[in-house]
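Open the model in your viewer and keep the selection tool at hand.

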Amino acid sequence: MSTVTTTPTAGGTPAAPAPSSGSRRPLRATRQDERYRRGVGRWFVLAAAILVALLMLSPFVIMVLNAFKSPAEYSQDGPLSIPKELYLEGVQNFWTRTNFPQKLWNSVFISALVAVFGTLLSLLSAYAIGVGRIKGRLWIVTLFLVANMLPQEALIYPLFDMAQKVGLSNSQWSIIIIFTVIQAAFGTYLLASVLGTFPPALLEAAQLDGAGRWRILWQVVYPIVKPTLGVLMIFFFIWTWNEFFIPLVMLTTNDTQTIPIALASLQGDRMMDAPTTNAGALVSLIPALIFFLIFQRTLTRGVTAGAVK
């Protein structure tokens with residue numbers, strides 16, 4: 001039997017028994033088992049993340065392979081084969097057939113203005129609803145949510161008719177106005193929920209200092225919601241960049257159309273040049289990818305802005 005030794009204190013009272021070395025071993029083993037299980041779990045999560053990333057990247061890899069493959073090699077070896085030589089005529093055909101520089105400028109011009117105007121309109125509307133506390137706030141926010149859920153097919157005929165009546169037929173400004181309102185509906189719904197929980201103490205302190213509503217907006221509210229506005233601007237730009245149906249109907253000439261319409265023009269009813277289509281998709285993806293890489297830090301800061309205070 002193991003004996004437990006006690007050490008007497010200054011007053012003669014025996015102290016608590018010192019823990020034996022045998023009692024520490026199970027505790028250390030338990031901690032080691034927990035660390036081992038955590039390490040194994042992290043490796044499983046990492047493996048699953050890598051697998052999902054590979055599945056997501058596989059369409060882009062196939063697109064790159066077919067973008068530099070000749071039509072004869074594509075039809076003979078299939079879409080999954082590695083090109084034997086670098087074929088650049090697909091990129092050249094897409095560049096010349098669609099007048100890509102003009103389409104690129106149209107997409108950048110429309111998407112940038114929609115991102116700026118949509119974010120500004122969202123901020124002003126959400127400020128009136130969330131901070132101004134107008135009557136019927138809940139119903140107005142619900143109306144914006146319902147408007148954001150309407151399909152574009154249900155809106156295209158009245159929008160096209162109104163554009164013709166106001167003289168904006170085949171005009172890029174019709175697309176800018178339409179998507180500014182559509183994107184601002186989502187932005188207003190999101191920002192109104194954020195500004196509805198805005199600290200009233202800050203607003204009251206600004207009012208006591210003599211600040212009006214316009215000054216409160218730009219000097220108190222705007223600096224706090226600036227990261228969220230950056231995220232909205234990035235989303236509005238990318239969403240507008242990828243829009244196809246409404247620009248296809250509203251823009252009828254080549255000098256006003258955008259990149260998604262240019263990609264659709266490469267496909268015919270009875271034939272399709274797969275290498276040229278893949279090359280066009282690759283060239284069209286590069287500007288959006290550059291834009292995302294430039295504003296990646298803005299997006300990350302906006303998403304994590306409210307996580308740590």
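**Stop 1: two crossing helices**

Helix 5 crosses helix 7 in a left-handed sense. Keep in mind that this is a predicted model.

Select residues 137-149 for helix 5, then residues 172-195 for helix 7. Their axes come within 8 Å and cross at roughly 140°. An angle over 145 degrees would count as roughly antiparallel. Helix 5 and helix 7 are therefore oblique to each other.

Now show side chains at the contact. From helix 5, pick Arg 137, Val 141, Phe 144, Leu 145 and Asn 148. They meet Ile 182, Ala 185, Phe 186, Thr 188, Tyr 189 and Ala 192 of helix 7. Color this contact by class: eight residues are nonpolar, two polar and one charged.

**Stop 2: the cavity**

How many cavities of 30 Å³ or more does a search of the whole structure find? The search finds one. The largest cavity holds about 50 Å³ of space.

To see its lining, select Ser 107, Ile 110, Ser 111, Ile 175, Thr 240, Trp 241, Glu 243, Pro 247, Thr 258 and Pro 260. Two or more of these lining residues come from each of helix 4 (100-131) and helix 9 (213-241). Which helix gives the most to the lining? Helix 4 does, with three residues.

Finish by coloring the lining by class. Five of the lining residues are nonpolar, four are polar and one is charged.

Methods
Residues are numbered from 1 along each chain as its sequence is written. This is a predicted model: local features need pLDDT of at least 70, side-chain atom pairs count only at pLDDT 80 or more; totals for chains, interfaces and linings use all residues. Side-chain values use heavy atoms; hydrogens and water are left out. Axes are lines fitted to C-alpha atoms, for helices over the stretch in contact, and angles run from 0 to 180 degrees between N-to-C directions. Helices (H or I, at least four residues) and strands (E, at least two) are DSSP runs, numbered from the N terminus. Angles under 35 degrees count as roughly parallel, over 145 as roughly antiparallel, 65 to 115 as roughly perpendicular and the rest as oblique. A crossing is left-handed if the near helix is turned anticlockwise from the far one by less than a right angle, and right-handed if clockwise. Contact means heavy atoms within 4.5 Å. Ala, Val, Leu, Ile, Met, Phe, Trp, Tyr, Cys and Pro count as nonpolar, Asp, Glu, Lys and Arg as charged, and the others, Gly among them, as polar. On a 1 Å grid over the protein atoms alone, a cavity is a set of points where a 1.4 Å probe fits but cannot get out, and a pocket is an open set with protein on both sides within 12 Å along at least five of seven lines; lining residues have an atom within 4 Å of a point. Grid points are joined across faces, edges and corners, and a volume is the space filled by probe spheres set on the points.
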